Amino acid sequence: MDGNTLKFTTEPKGGAADTTAERLWIPVALLQAAAAISPLLVGDPMKPTIDRAMGDLGLPASLLNLRRTRPLL
């Protein structure tokens with residue numbers, strides 16, 4: 001909110017640290033989606049790229065632990 005006007009921005013207002021954090025979490029969401037979909041495809045084709053991207057970003061592999069505690073059905 002800016003006065004009585006709602007404004008949308010592409011950058012957070014919290015300074016450089018918040019901007020860096022925001023830019024980091026966007027690829028994390030995409031990597032999580034890819035990690036969920038890739039095993040469903042023959043040969044898990046996205047796994048090497050996902051692993052390389054995680055390493056390049058300095059992210060722990062545990063971030064993509066998508067194992068369910070119980071089966072859906």
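The model is predicted. The chain holds two helices and zero strands. It has 73 residues, and 14% of them count as buried.

**Overall build**

- Helix H1 covers residues 16-37, and helix H2 covers residues 47-57.
- A loop lies between the two helices, and Ser-38 has its place there.
- The accessible surface of the chain comes to about 6,200 Å². Carbon and sulfur atoms account for 61% of that surface.
- Take the contacts in the chain with a separation of 6 or more: 39% of them join residues 24 or more positions apart.

**The nonpolar core**

- In soluble globular proteins, nonpolar side chains tend to be buried together.
- The largest nonpolar core here has eight residues in all. They are Val-28, Leu-31, Ala-34, Ala-35, Ile-50, Met-54, Leu-59 and Leu-64.
- H1 and H2 each supply at least two residues of this core. H1 gives the most, with four residues.
- Leu-64 is one of the core residues. Leaving aside residues up to four places away in sequence, Leu-64 touches Leu-31, Gln-32, Ala-35, Ile-50 and Met-54.
- Ala-34 belongs to the core as well, and it is found in helix H1.
- Ala-34 counts as buried because its relative accessibility is 16%, under the 20% cut-off.
- Not counting residues up to four places away in sequence, Ala-34 touches Pro-39, Met-46 and Ile-50.
- Ala-34 and Met-46 are twelve residues apart along the chain, and 7.0 Å separates their C-alpha atoms.

- Ser-38 is buried, with a relative accessible area of 1%.
- The side chain of Ser-38 makes a polar contact with the side chain of Asp-44, at 2.4 Å.
- Setting aside neighbours within four places in sequence, Ser-38 is in contact with Asp-44, Pro-45, Met-46, Lys-47 and Ile-50.
- Asp-44 lies in the loop between H1 and H2 too.
- Asp-44 is not a glycine, yet it has a positive phi of about 50°.
- Asp-44 counts as partly exposed, with 24% relative accessibility.

**The salt bridge**

- The count comes to one salt bridge.
- Lys-47 pairs with Asp-51, and the closest N and O atoms are 3.0 Å apart.
- Both Lys-47 and Asp-51 lie in helix H2. They sit four residues apart, which is about one turn of the helix.
- Lys-47 is partly exposed, at a relative accessible area of 40%.
- Asp-51 is also partly exposed, at 41%.
- Lys-47 is among the contacts of Ser-38 listed above.

- Leu-30 lies in helix H1.
- Leu-30 counts as exposed because its relative accessibility is 58%, over the 50% cut-off.
- Leu-30 and Ile-50 are 20 residues apart in sequence. Their C-alpha atoms are 9.7 Å apart in space.

**Where Ile-50 comes up**

- Ile-50 is a member of the largest nonpolar core.
- Ile-50 is touched by Leu-64, by Ala-34 and by Ser-38.

Note on methods: Residues are numbered from 1 along each chain as its sequence is written. This is a predicted model: local features need pLDDT of at least 70, side-chain atom pairs count only at pLDDT 80 or more; totals for chains, interfaces and linings use all residues. Side-chain values use heavy atoms; hydrogens and water are left out. Buried means under 20% relative accessible area, exposed over 50%, partly exposed in between (1.4 Å probe, protein chains only). A polar contact is a pair of N or O atoms within 3.5 Å; within protein, one must be able to donate a hydrogen and the other to accept it, and residues adjacent in sequence count only if both atoms are side-chain atoms. Contact means heavy atoms within 4.5 Å. Accessible areas come from the Shrake-Rupley method with a 1.4 Å probe; for residues, only the protein chains shown count as cover. A nonpolar core is a set of buried Ala, Val, Leu, Ile, Met, Phe, Trp, Tyr and Cys residues joined through side-chain atoms within 4.5 Å. A salt bridge is a side-chain nitrogen of Lys or Arg within 4 Å of a carboxyl oxygen of Asp or Glu.
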